[in-house]
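Please keep the sequence and the structure in view while reading.

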Amino acid sequence: MSSNKVLPTKLNLIRFKNELKLVSTIKRLLESKREVLLIYLRTYAAEYEKLYSEVNEALKKTYNSYMQAVVDEGITTIEKIADSQSHSLSVSSSLKVIFGVKIPVIQLNESSIPEKPFSEIETSPYLSEAYDEMREALVKVVQLVELESTIRSLAAELRKTQRLINAIDTSILPFYRGSVKYIKSVLDDKAREEFVRLKITRRILERRRQSGE
């Protein structure tokens with residue numbers, strides 16, 4: 001909307017000035033929110049990077065132990081043990097709110113992880129190691145998923161906040177500032193015209209008064 005299309009009245013001047021103050025306040029709040037979101041993102045990103053390295057290391061250890069167990073027991077035996085177990089895990093989810101942003105909370109029900117379906121005495125010790133390492137890795141993987149979801153949610157909110165700030169800077173504030181400037185300019189011109197008109201009228205009246213005398 002063009003500033004020149006608003007009605008240049010004193011009432012509109014007051015209204016647009018008040019709305020300009022309000023928009024400026026909203027922008028400051030959004031900028032504060034952006035800074036807080038950035039702090040949270042940096043914090044969670046550092047946690048994610050650390051946990052990601054831990055998960056990679058845990059899975060690497062699990063894979064090495066598993067491959068040693070395969071060498072000792074044979075792939076057929078390992079597959080039979082794996083096929084005898086449940087192929088799903090129980091995971092619960094909820095939401096928490098961080099600075100107005102809904103963040104997923106994911107928890108692995110560790111009791112849903114099957115107990116060791118083999119005897120540690122009768123099977124390769126590497127198989128037992130692989131089981132223990134995988135159990136620990138699963139917990140970390142779920143934590144990693146939660147952190148990634150958190151970062152995605154915060155990043156999406158940050159983009160939304162930045163778009164609002166950009167809209168205020170590029171469209172809303174220029175409109176209100178232009179409107180206030182336009183209305184003041186028109187009202188000032190009218191005031192000057194009225195002043196000149198009154199001055200001329202006063203001179204005419206004075207001349208008539210003098211000629212009448």
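## Surface and overall form

The chain exposes about 14,700 Å², of which carbon and sulfur atoms supply 55%; accessible areas come from the Shrake-Rupley method with a 1.4 Å probe, and for residues only the protein chains shown count as cover. This is a predicted model in which local features need pLDDT of at least 70 and side-chain atom pairs count only at pLDDT 80 or more, while totals for chains, interfaces and linings use all residues. Residues are numbered from 1 along each chain as its sequence is written, and side-chain values use heavy atoms, with hydrogens and water left out.

Along the principal axes, the C-alpha atoms of the chain fill a box of roughly 135 × 25 × 20 Å. The radius of gyration of the chain is 36 Å, whereas a compact globule of 213 residues would have one near 17 Å; the value is taken over C-alpha atoms, and the globule rule is 2.2 Å times the number of residues to the power 0.38. Of the 213 residues, 29% count as buried (buried means under 20% relative accessible area, exposed over 50%, partly exposed in between, with a 1.4 Å probe and protein chains only).

## Secondary structure

The chain has three helices and two strands, arranged along the sequence as α-α-β-β-α. Helices (H or I, at least four residues) and strands (E, at least two) are DSSP runs, numbered from the N terminus.

Strands β1 (residues 91-98) and β2 run antiparallel and are joined by eight bridges; two strands pair if DSSP finds at least two bridges between them. Strand β2 (residues 101-108) is mostly covered, with six of its eight residues buried.

| Residue | Relative accessible area | Class |
|---|---|---|
| E47 | 40% | partly exposed |
| K33 | 19% | buried |

Leaving aside residues up to four places away in sequence, K33 touches F99, E157 and T161, where contact means heavy atoms within 4.5 Å. As for E47, its C-alpha atom is separated by 9.1 Å from that of L144, 97 residues apart along the chain.
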